[in-house]
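Here is a structure to look through, term by term.

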Amino acid sequence: MSRTSYDRYLTVFSPEGRLYQVEYAFKAISGSGHTAVAVRGKDTTVAITQKKVPDKLLNSDTVTHLFSITPTIGCVMTGLIADARAQVSRARAEAADWRYKYGYEITPDALARRLANINQVYTQRAAMRPLGIAMILIGSDPEFGPQVFKLDPAGYFVGFHATAAGQKQQEAMNHLEKKWKRLAADTERSGGGSGGGGAPGEIDAKKAGDTLGRAEVIDVAIEAISTVHSTDFKAGEVEIGIVSSSLDEDEKTRGKWRVMGTDEVEKWLLAYGEKD
């Protein structure tokens with residue numbers, strides 16, 4: 001049997017142990033033409049993504065990749081937008097069911113685990129197909145503070161200090177890793193030390209991330225997406241979602257998910273441009 005025979009069926013492994021249909025779902029994400037970045041600091045998480053309006057006659061307010069799931073959890077979706085809306089709808093149903101059963105809002109890690117389990121089932125049943133999207137959940141946990149989780153079509157999920165998805169995922173991840181190395185080096189020089197008993201030169205990602213306040217987290221996210229695309233974005237070309245418990249955040253929205261308005265996005269883009 002050739003490769004084309006093995007990639008016809010979702011549930012059949014190739015002799016090398018690969019599921020080609022699941023791999024093709026990953027290609028749908030990287031071929032979407034969008035890049036999303038999420039960054040977590042000591043009291044803030046931010047998600048930023050490109051906003052592309054394909055037709056001038058479209059109402060740009062209806063084009064978005066940022067979605068609210070609960071009052072404190074939001075997500076950025078990269079890939080096929082119809083699949084994204086289906087998964088967001090399921091996520092909202094799961095979150096509402098959790099609140100009905102247990103009497104409190106679902107936490108980001110519990111929601112990520114539940115959705116990852118659903119994604120995994122889509123890779124083993126012939127009547128379904130994997131969703132061609134990567135979901136980055138950002139939110140606030142009452143016990144652990146800001147959280148970022150990324151889910152993929154294979155059903156894998158993991159927490160991050162900073163992550164990216166989409167067309168320029170690898171370039172953005174490389175940029176963020178270098179940024180975290182610099183932050184860790186600055187922390188060590190200022191007397192933070194590694195403190196975790198790790199190997200010499202090992203990055204303490206948590207300590208490095210905890211040096212970032214609200215403004216720095218937004219700046220790092222804008223820097224990452226601008227650098228990998230080598231573009232100075234305008235306010236209408238990016239979307240920014242934020243969950244922040246910082247005192248700099250408006251009291252009405254503190255600790256809650258919200259999407260920044262165009263004027264606020266422009267303010268942060270100008271601040272980043274002037275810094276350069």
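Q: What do the buried residues of α8 pack against?
A: In this predicted model, the buried residues of α8 pack against α7 and β9. They are V265, W268, L269 and Y272.

Q: Why are the buried residues of α8 said to line one face of the helix?
A: Look down the axis of α8: its buried residues fall within an arc of 100°, so they line one face. An α-helix has 3.6 residues a turn, so residues three or four places apart point the same way. The face turned away from the buried side of α8 carries the exposed residues D263 and E274.

Q: How do you know that the length of α8 agrees with its number of residues?
A: Helix α8 covers residues 262-275, 14 residues.

Q: Why is I138 called buried?
A: Buried means under 20% relative accessible area. I138 has 1%, so the label holds. I138 lies in strand β5, residues 133-141.

Q: What makes S230 count as exposed?
A: Exposed means over 50%. S230 has 66% relative accessibility, so it counts as exposed. S230 is found in the loop between α7 and β9. Its phi is near 50°, a positive value in a residue other than glycine.

Q: Why is the pair D83 and R129 called a salt bridge?
A: The cut-off is 4 Å between a side-chain nitrogen and a carboxyl oxygen. The closest N and O atoms of D83 and R129 are 2.9 Å apart, so the pair qualifies. D83 lies in helix α3 and R129 in the loop between α4 and β5, so the pair ties together parts 46 residues apart in sequence.

Q: Are D83 and R129 buried or partly exposed?
A: D83 is buried, at 7% relative accessible area. R129 is partly exposed, at 48%.

Q: What makes D109 and R113 a salt bridge?
A: Their N to O distance is 3.9 Å. The limit is 4 Å, so the pair counts. Both residues lie in helix α4, 4 residues apart, about one turn of the helix.

Q: Why do both E223 and K179 count as buried?
A: The cut-off is under 20%. E223 has 11% relative accessibility, so it counts as buried. K179 has 16%, so it counts as buried too. Their side chains meet in a salt bridge, 3.5 Å from N to O. The pair links helix α7 with helix α5, 44 residues apart.

Terms used: Residues numbered from 1 in each chain as written. Predicted model: local features only at pLDDT ≥ 70, side-chain atom pairs only at ≥ 80, totals over all residues. Heavy atoms only, no water. Helix = DSSP H or I, 4+ residues; strand = E, 2+ residues; numbered from the N terminus. Buried < 20%, exposed > 50% of the residue type's maximum accessible area, 1.4 Å probe, protein only. Expected span 1.5 Å × (residues − 1). Arc of directions from axis to C-beta. Contact = heavy atoms within 4.5 Å.
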